[in-house]
Every structure is written in structure tokens, then in C-alpha cells.
Amino acid sequence: MATAKAITASLALGMSAFGLVACSGGAESETVTAESGYELDMLELDGTETLAFEPDPRLDPADQSTIEFWVKAGWSEDPGFDPVMLSNAGPDGASYLLAIDRERDGLIVSSGEQTESVPFDFADGKAHHVALIDLGNPLAVLVDGQVAAQLEMTLMPLPSDGLYIGSAYGEDDGFVGAIGGLRIWDAAIATDVLETYRLRDVLSESDPHPDLQFLALISNFADQDVVLIDR
């Protein structure tokens with residue numbers, strides 16, 4: 001099992017190997033501090049920015065996987081499209097594309113030709129923790145630690161042109177609001193573990209995440225970056 005210290009060393013290597021490709025506009029970051037003192041990286045987006053990263057096979061969905069992040073919807077009027085938070089997409093569609101409904105009343109999950117909508121009220125202006133736990137069908141969706149839906153779908157490993165934060169395919173359906181604490185895991189993380197660590201440092205040497213060896217990506221939005229983990 002990889003230790004927190006070993007993963008931290010891999011982070012340093014991954015930072016130079018998997019950097020930012022393009023950023024349009026002026027994305028800004030803010031911090032949200034938990035009672036424990038942990039600061040959550042939150043990337044503020046105004047709909048014109050995209051963080052775009054080179055494709056990497058380590059971002060393909062595993063047989064079982066988990067995607068988790070915090071999100072705050074920042075628009076009040078219908079923009080005419082469903083703003084996209086995250087997409088890993090290419091010529092055959094997206095391995096995963098996550099958006100909030102234009103009315104801010106649901107989460108949209110897409111993979112290949114599969115698209116499902118999960119009702120939830122994102123119109124309160126607050127940051128919510130979203131987690132997708134892919135068990136290879138079904139796919140569980142949690143919001144703020146509660147199961148919001150069980151979807152009869154799985155995330156498909158499709159050819160990718162890149163990983164995009166705040167848009168679809170790097171330019172379409174730009175997101176307005178904030179995204180933070182993005183983590184992608186090559187395992188189905190237990191719901192109680194997600195709840196315990198959603199506002200904790202998973203790399204802490206004193207209290208490391210129990211599934212740390214499965215961490216594939218972690219965001220560093222304070223530097224407008226994400227880091228892939230080498231194993």
C-alpha cells in the first residue's frame with residue numbers, strides 16, 4: 001500500500017509531467033476552511049474560462065471508480081445550456097461529463113451515449129459535495145453525503161482529447177460558479193469514507209485516506225492545476 005509520503009512524492013513528479021495546457025479568461029481561486037483547519041481549493045469560474053489538460057490513459061474510468069468534488073452554481077438566469085463542470089472527452093464522446101441543469105435543479109451525468117439527470121436543488125448559492133461511485137452498473141450519485149440516485153449506467157473508457165474543467169470539450173457550455181476538491185479514484189470508495197474525508201487532507205501523514213493507493217487525480221486549483229498520481 002502506498003504511504004502518504006510516497007504519494008506526496010508522486011505528486012511532485014506528476015506536477016511537472018501533467019501540467020496546464022490552456023486557460024482562457026481569468027479563473028480565480030478562493031479557499032473554504034473546514035473546522036479542522038483544512039482549506040478546500042475552490043476555483044471560481046465566470047463561464048469564459050476553461051482549464052484544459054492533455055489526455056492521459058490514467059484518467060480512463062477503471063472497472064470501478066469514484067469522482068468527487070465540491071460545486072457551487074453561480075448563475076441565476078437560464079443561460080440556454082447546461083453548464084459543464086467536468087469532462088473527459090474525445091471524438092467518440094465523453095468518458096464522463098458532469099453538468100448542472102440550466103435551471104439549477106439537477107445534476108447531469110453523461111458517458112458515451114448514456115445520459116441521466118439526478119434531481120437536486122443547486123439554486124441556494126451554497127457549495128455542495130458531489131460524488132459518483134461507479135460500481136460497473138449501477139452508478140451511485142451522492143450529494144452532501146446522501147444517496148441522490150442509483151443510475152443504471154457505467155462510465156465508459158473512450159478515446160480522449162483532454163480533461164476539461166469548467167466546460168465541455170474545452171470551450172462549450174461554460175460553467176459559472178465554483179468547483180473545488182476534485183478527486184478521482186480507481187476504486188469504489190465507501191460512502192462513509194467519502195463523508196469522513198470530504199473536508200480533510202487525504203495526503204495527511206497522521207490521518208491518511210484508507211484508499212490512498214487508489215487515488216488517480218487530485219486538484220490543486222490554488223495554482224489552477226490538477227495532478228495525476230504515478231504508482
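**Close-up views of a predicted model**

**View 1. Met 85 and its contacts.** Outside the four places on either side in sequence, Met 85 is in contact (heavy atoms within 4.5 Å) with Phe 69, Val 71, Leu 98, Ala 99, Ile 100, Leu 107, Tyr 164, Ile 165, Gly 166, Ser 167, Phe 175 and Ile 179. The model is predicted: local features need pLDDT of at least 70, side-chain atom pairs count only at pLDDT 80 or more, and totals for chains, interfaces and linings use all residues. Residues are numbered from 1 along each chain as its sequence is written, and side-chain values use heavy atoms, leaving out hydrogens and water.

View 2. Strands are DSSP runs of at least two residues, helices (H or I) of at least four, numbered from the N terminus. In E6 (residues 84-90), seven of seven residues are buried, meaning under 20% relative accessible area with a 1.4 Å probe, protein chains only. Strands pair if DSSP finds at least two bridges between them. E6 runs antiparallel to E7 (residues 93-100), joined by six bridges. Two residues separate them in a hairpin. Ser 87 bridges to Leu 97 of E7. E13 (residues 162-165) also pairs antiparallel with E6, over four bridges. Here Ala 89 has Gly 162 as its partner.

**View 3. Ile 189 in its loop.** Ile 189 sits in the loop between strand E14 (176-185) and helix H2 (191-197). Its relative accessibility is 2%, so Ile 189 counts as buried. Contacts beyond four places in sequence are Thr 66, Ile 133, Leu 194, His 209 and Asp 211. Ser 65 is 124 residues away in sequence, yet the C-alpha atoms of Ile 189 and Ser 65 are 7.6 Å apart.

Notes
Buried means under 20% relative accessible area, exposed over 50%, partly exposed in between (1.4 Å probe, protein chains only).
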